[in-house]
Each structure stands twice: as C-alpha cells, then as structure tokens.
Amino acid sequence: MTKSLNAEALAEAHALIASELASLDAALVSDDRLTNAEIQQIHKYQEHLLQRNLTLNLTRITEAEEIRIKQIEDCLSLQTWIDRLFKYHEKFSFLDLGTGAGLPGILLKILYPESKACLLDSLRKRIDFLSEVVELLELRGVDLRHARAEELGRDPAYRSGFDLVIARAVAPLNILLEYSLPFVKPAAYFIAMKTDPAEVELARHAAQSLGAKLLDVSNFELSDSSKRSLFVYQKIGACPKIYPRTAAQIKRRPL
C-alpha cells in the first residue's frame, strides 16, 4: 500500500523530517558508543527511511525521540553481546531475520562494516527500499533476500551459514527458534530481541528439539523505561532436517 501527498503536504512533511533529524543528530552526538562517521551514516539512513515512509508505510516510528530510543538505542543493546561473542573480530557473518525497514541489520552493518550481512524479509517493498539504502550508504557485503524464513532455511546456500542470527520481535520465541536456528552454524549463535523475559520458559522444549542451549537472558530498560530482553542461544547440536516446517505446520503445532 502506498500513500500520495499534495505538494503543500509534502513540503510540510519534509520540513518536519528535517526538524526531527536535527533533534536526532543532537541526541546521538552525546552517545559515546558512536563515532561521527557512524552518526553521519545513521542520519543518511534515517533521512531516507523517513522520506520513503511518506509513501511506502515502512515504519510507524517517525519522531526523533522514538527513533533514538525504540530503534537506535534498542539495536545498540546488541553491541555488548556481539563484541563479547566475536571478541572485536568484525569479519563475522550475520542474518537479520524479518529485517523490516532494516533494523537492526543496517545499523549493525554501519557499526561492523567488515561483517558479512544478510537481511531477510518477506515483503518486496522492504527489500527494494533496503537496496536503495545499501547503495546510498555505499555498504559492501550485504545480501538482501526477499523470501520466507521457512523456505530459505531449507536452501543449502543459507542453511547453517551464519555466525550470528538476530530476530527482533518477529514471533513468539518458540516459533522464532524454529525459523532461526536452521540458519545458524554449528557452535554459533542466535539472539532474539524481545520484551517479555517469561517467553524463555515457553521456548525451552523448542530449543532442545532444535539443538540449541540458552546462554543468557539479558533484561534491561531503555531510557523511556520500556522493558527489553535479549535471549542468547548457542547451537550445540545439529538441527534436524525436518526443521523448519511449513508456516502452516508451525502454526498448527508449534514446538
């Protein structure tokens, strides 16, 4: 679905975007986790996202404070774990499953430019938008995939192909594990970005069935006091070939 705006409304929208981006830049400058070059890249990305969002309905988050907290701060929560898992070795591969408008995948690629990234989404308009972003930011080593996870997870070119798989609130954790773990290399990692720490108990059987163990649950609050949890899993055994099942099977009989 696309939207259309008349010239006056479009001019007002662009002026508002410029104002929000100025506020966002001012806030990000004080974040010592980001370099000036990274802030400039984030600015370009967010500017393009907000402009394309005027017609493409890519995100509901359009105000500077919400962008800073619910998108950037939320995604930066991964940085500590990534640095710990890969010991500051940037040349790891990752899959952003259900990337949407590119979060956390684009942000991680900005932070770890030597990484090999795959951004997966089932909607063509999102992948087309991300293709524009990759070109705009001159990112290298980014594979954009328009596909469903349960289908791509059976493709030998992608199955067991990544050092890290990340998913951000795509589905309940037990279902998310089935979509995600087939992509993870042996002894590699999956991180689910969620809001309810209680989900870990509901996903215990799924993790065992799929050959994974829970390493950690990191519970924290964003600066607006909203709660977040990172579920960190390691793949310790082979994922049975019957997984992932079809979407209908997963929905009918979740693990």
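These legends walk you through a few close-up views of a predicted model.

**View 1. Helix α2 from end to end.** Helix α2 covers residues 36-56. Its 21 residues reach 29 Å from the first C-alpha to the last, close to the 30 Å expected at 1.5 Å a residue. Several residues of α2 are buried, among them Ile39, Ile42, Leu49, Leu50 and Asn53.

View 2. Leucine 56 belongs to helix α2. Its relative accessibility is 12%, so leucine 56 counts as buried. After α2 comes asparagine 57, with a positive phi near 55 degrees.

**View 3. A cluster of aromatic rings.** Here you meet Phe86, Phe92, Phe94, Tyr112 and Tyr189, linked into a cluster by ring pairs. The model has seven aromatic pairs. One of them joins phenylalanine 86 and phenylalanine 92, which are stacked because their ring centres are 4.5 Å apart and their planes meet at 5 degrees. Phenylalanine 92 also pairs with phenylalanine 94 in a tilted arrangement, 6.2 Å centre to centre with 40 degrees between the planes. Phenylalanine 86 is buried at a relative accessible area of 12%, phenylalanine 92 is buried at 2%, and phenylalanine 94 is buried at 1%.

Methods:
Residues numbered from 1 in each chain as written. Predicted model: local features only at pLDDT ≥ 70, side-chain atom pairs only at ≥ 80, totals over all residues. Heavy atoms only, no water. Helix = DSSP H or I, 4+ residues; strand = E, 2+ residues; numbered from the N terminus. Buried < 20%, exposed > 50% of the residue type's maximum accessible area, 1.4 Å probe, protein only. Expected span 1.5 Å × (residues − 1). Phe/Tyr/Trp six-rings, centres within 6.5 Å; stacked < 30°, edge-to-face > 60°.
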